[in-house]
Amino acid sequence: MTTRENSTAIDTSLAISTRKLNLWYGTFQALFDIDLNIKQGLITSMIGPSGCGKSTFLRTVNRINERMDYVRISGEVDVMGENIFGSDVEMLQVRKQVGMVFQRPNPLPISIRKNILFGHTIHTGGKTGKAEQDEIVESALKQVLLWDKVKDKLDHKATTLSLEEQQKLCIARLLPVKPSVLLMDEPCSALDPKGTEAVEELLWELRGKYTILIVTHNMAQARRASEECIFMLMGKVIEHTETGEMFLTPKHKETTDYIEGRYG
Amino acid sequence: MNSAHKAGPVKIAVRSDNFHLWRGRKDRLASKIIGLGGFVVIAAVLLILFYLIYVVTPLFLSAKMSRTVLTDNPAWLKSETSFLALEEQQQVAFRITENGSAEFFRLNGLELLESTEIVSGGRNVAVAMGAQGDSGLVAVAFEDGMVSLLQNQYSTDFSAGVELRKIIPKLDFPYGSGQRELMPGGGITGLALSDNEKELVLAVAGTGGRVRFERSLKREDFLSGEVSLEISVSALDVAFEIVAITISNDHRWLYLGDESGRIHFISTANMEVIQVVQVSDTIITSMNMLLGGISVLAGDADGNVTQLFPVRGGGNQYSLKEIRRFEGQQAAVTRIVPEQRRKGFMTVDADDNLTIFHSTAGKVVLTEKLSGQPAALALAPRASGLLVLYGDSPAEFMDIDNEHPEVSFASLWSKVWYENYSGPEYVWQSSASSNEFEPKFSLTPLAFGTLKAALYAMLFALPLALMGAAYTAYFMSPALRRMVKPAIEIMAALPTVILGFLAGLWFAPFLEENLAGVLSMMLVMPAGLLLFAWFWTRAAQSARNLVKEGWEPVLLLPVLVVLGFVSLEFVGPLQDMFFKGDLRTWLSHEAGISYDQRNAMVVGCAMGFAVIPTIFSIAEDAIYGVPKSLSDGSLALGATSWQTLVRVILPTASPGMFSAVMIGLGRAVGETMIVLMATGNTPIMDWNLFEGMRTLAANIAVEMPESAMNSSHYRILFLAALVLFMFTFVVNTGAELIRQRLREKYSSL
C-alpha cells in the first residue's frame, strides 16, 4: 500500500498551491508561511497534533473561515490554478470547486433525496426536471456505494441513517455540484472501524476523479489511504512527501517523533 | 479548532464511604427540592384557576326559593288588601285595605302595629298603586274619584344592638293630606304614579275610556325650603275600555292597554296618540314599567310578557318597539311586579305560577307554583323576599336567593338590545350612579379589544424581532452581538408602566401632530435601508473593507437617523398635495375615519416595543443554537449565507421561533399597564387603527377596585380573568403541541 503512485497514471499539475499563507485568529497566528503544492487526482493526507493548523488550512481553502470577522489572512491560495482570494473570484465558485466533508456527519435534517439535491438546487435554481434529478441522486449515491442501501428510502430523513451512511451521504451530496477538490476534515473520527474501512474504500474509489485532501489523526489511516502526506506542527508545514517515504524514512526529527508517538 | 483535547494527568482520589453516603444524601435532597419546586409551581397555577372558578361559579347557579307559611290569618288580616309593600329588612309590611285603612304589621306573627284611616269616615278604595322604585310613595284612588298620596317610611332603632334592631314605621303625607279630585263621579279603573325631583305625575284611567293626567311641577322656596306644587291637568277620552295604564319615568309617555291586545303610545305633551302597537292577539291582562321607567312590560291572556320601549328614529321621532318577548307562562298573566333595584320582574299567572324573569338577560330565572291565586303580593326592595297574601289560605313568605339574574351566555357574548339603544349591540358599561341603570356586561368588546391590541402589537413587533434575531444570530459579528443582545434584553426589564406613560403622554400627542411623518417613516425606513444596502454591495471593495463583515448595522445607525428626520420634516408638501395640508384632519373630515389621540397605533408601537425583547431573545437563542455543522455543511456545498439561513437555519430553528412568537403573543394578550395608559379604554368594536380599545386585562385593572365584592360585576370581572387565563392556556398548549411537531420534523443532529 505504500507505493501506489507507481500503479496509476496521474496528472501532476497542481490542484491546490499556496504561497506564504498566514492566518490569524485575532492575535493568535494559526498558520505560518504555508507553501504547499497538492497534486491533482491524488489523495493527500494531513497529519499533525491537535491545534497544528490542519483544519484551519482546510477551512481556508474552502473560504469558510472568513465568515468570522476576527480571522485575518495573508498570502495566496490557488485552486486549480486560480487565486481564490482574487478580487474577480466569487466565493461561491470557490465553494463549488472545493467540496468539504466535516468531522461529524452533518446531513441536513431533511430527506436523503433532498440532501443530495440541495447543492444542485441552489446552483441551478431548482429548474431541473424530475427525471434528471432522479438521475443525479442515483449517480451520486452510486459513486459513494450507498445506492443499494438507500434506494428504497430516499424520502426518509437523512438523520435516520447510520453515522457511516450519513458520512457517505455527506460526500455524495458534494458530487452533483461537480467539485474538483474534496476536503475531508477527519471524516472517520466519528465512525466505528467497519465504517472507517468503508469510507476509506470509498476514498480509494474516488481517487483520480477528484483531488482529495484528508486531515486525519489516525496515522495508520494516513498510511493506508493516501498517496502523499503532509506533516504539520505549530502552524507550519514540516514535511510533505509520498506517504510511503514519510513513514519509512522521515527527513525531520519532529516527524519521526510524531510518527513514533512521542507527542500528539 | 479540532475538538480533541489534551487530557491532563487524572488524579484518582480514594474517597471514604462516608463521603459517598453524604453525596448520595445530597443528591436525593436536591432532587426532592427540585421536584417540590416544580410541584409548587403547578399547584400555584391550579390554585389560581380553582379560585377563579370558585368566584365565577355562582354566576351560573340557578336561583333558589324557600317558603315559609306564616301564622294563620289573624282576624284583622281578613279584610281585602288593595296594596301591599315590604320594607328592606323584611320585618315590617305595609298594606292598604279595601276600606281605606293604612296598616303596618310585623311579619313575625303578623302582629298589627299601626292602623290609620286615610280619610276619616272610611271610604272604599278603587285602586292603589305604588310609585316606581323604592320611595314608598303610594297613590290611593277611592271609589268616589278622589285620590290620596301617602308614603310608608321606616327608620331603624339600633338602641338595643344590631341584632335586636327595631324597625319603626311611619305613615307620611309628603304632598299634604288633602285629596285631589281627578275623576269626578268615580269609576277609576287604573292608576299610574311617578315622582321625580322636578315633578309629580298622576294618571288615572276610568270607565268609558276616560284618562286624566295631572302634572304637578315642584317649586321649592329658597328661604324656607318648602315645596309648593303647580298643578295642571289634561284629559283624554279614548274610544276603548282601558285595561291598563302606565307612565314613563321621564313623564313624556303614557301607555294605555286595551282589550284587543294593543298598547297605545301617547305623548303627554299634547295627549296625542303617537302609535298603536299590537302586542298580542288576546286581551292585555297586566301592564307595568320595568325599573327605570323606560320599558313597558305587557302581559296577555296567553301568558306572554312583551317588553317594549320607545326608540328614537330619524328626525327625532320616537316609536314604540317590541324588544323581546318572555314566554314562561301558560295562563293569563295576572300580575307583573318589577324589582326595585334591578332590571328583573316577576309575574303571576292564572294557574297560580310565579315566574321570575330578567329583562336584559332575557331569561326565566325561576318558576314556582303558589298555593293559590294571591290576593296581594309584595317584593322586598332587594328582591330577596316576597310576601304573598291569599284570600283563603295562610300568608306565605318566600326567601329568594337570586344574586345574579343578569348573567346568561347571551348577555355576556351576544348582541343585546339595551334600553335607549336603537338596536341590539355589544356593549360593556358595567356601572352608573343610579340603581335604575341597566348594566351592560358584554365581554365581546373586551375580548375584541384584547385581540385588536395584541394583533397590532404583533404586527409591529414580529417583523422587527424575528428579522433582528435572524441577523443578530447569523450574520452579526460576535463582538457586536455581545453588545446588542444584552441591550435588547434589558429592554424587557423596562417597567411597562413607564412604556405606557411614555406612550400615552409623549408618543400619542407626538403621533397626532406628526401622523403623516410617522406613517411615511414606516415606508421610508425599510425602503431606504434596502436602498442603502444595495449601494453598499455596489460600493468599491476598498470602501467596504473599512467596515468588517458583521459590523454593517453600525453604518445603518446614521442612515436611520437621517431617514427618520427626512420623513418627519419633508412630509409637509406631500400632505399639502394629497391630504389638504394635514393627514389627521383629512382623515376625520374627508375620509370619515375617526381619530382618537390614544389609539391602536400607539398601543401597537408601545406594546410591540414591550414584546420585542421577549420574542427577539428566544428566537435569537433558537437560531444561534442551530449546530454550526449544519450551516458549514450548507456553505461548503456552495450555498450563500442567505440560502443557508432560509433553507437550513430557519427551518431548523422554527420550533424555537414559533415558541418565541407564542410567548410574545401571550404577553401581548395579558399586558395591562400599556393598554391601560395608552388607550382611551373605550370598549368599542372597530378594527380602525386610529381608535382605541379596552382589553380584558385593562378592564379588570380599571374596574376591580370599584366593584362591590361578590356582586355580579365583581364575579363577571373574575370571569373575564378566567377567560384570559383560558385563552393563554389554550394558546400556550396549542403552541407547545405545534412546537413538538415542528421539532420532530426539523430536529437537529
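I began with the convention on which the first entry rests: an angle over 145 degrees counts as roughly antiparallel. I note also that the model is predicted.

Entry on helix packing. I looked up helix 11 (residues 600–624) of chain B and helix 13 (residues 641–670) of chain B, which pack at an angle of about 155° with their axes 8 Å apart. The two helices of chain B, helix 11 and helix 13, are therefore roughly antiparallel to each other. I recorded their crossing, helix 11 of chain B with helix 13 of chain B, as right-handed. By class, this contact comprises 14 nonpolar, 4 polar and 2 charged residues.

Entry on strand 7. I asked how many residues of strand 7 (residues 137–142) of chain B are buried. I found 6 of the 6 buried, so strand 7 of chain B is largely enclosed by the rest of the structure. L137(B), A139(B) and A141(B) point one way from the strand, and V138(B), V140(B) and F142(B) the other way.

Entry on pairing. Strand 6 (residues 125–130) of chain B pairs with strand 7 of chain B in the antiparallel sense over 5 bridges, and M129(B) has A139(B) as its bridge partner.

Entry on the chain contact. I noted that 27 residues of chain B are in contact with 28 residues of chain A. Helix 12 of chain B supplies the largest share of chain B's side, 7 residues.

Note on methods. Residues are numbered from 1 along each chain as its sequence is written. Chains are lettered from A and ligands numbered from 1 in the order in which they are written. This is a predicted model: local features need pLDDT of at least 70, side-chain atom pairs count only at pLDDT 80 or more; totals for chains, interfaces and linings use all residues. Axes are lines fitted to C-alpha atoms, for helices over the stretch in contact, and angles run from 0 to 180 degrees between N-to-C directions. Helices (H or I, at least four residues) and strands (E, at least two) are DSSP runs, numbered from the N terminus. Angles under 35 degrees count as roughly parallel, over 145 as roughly antiparallel, 65 to 115 as roughly perpendicular and the rest as oblique. A crossing is left-handed if the near helix is turned anticlockwise from the far one by less than a right angle, and right-handed if clockwise. Ala, Val, Leu, Ile, Met, Phe, Trp, Tyr, Cys and Pro count as nonpolar, Asp, Glu, Lys and Arg as charged, and the others, Gly among them, as polar. Two residues are in contact if their C-beta atoms, placed from the backbone, lie within 7 Å. A residue is buried if 20 or more other C-beta atoms lie within 10 Å of its own, exposed if 12 or fewer, and partly exposed in between; C-beta atoms are placed from the backbone. Two strands pair if DSSP finds at least two bridges between them.
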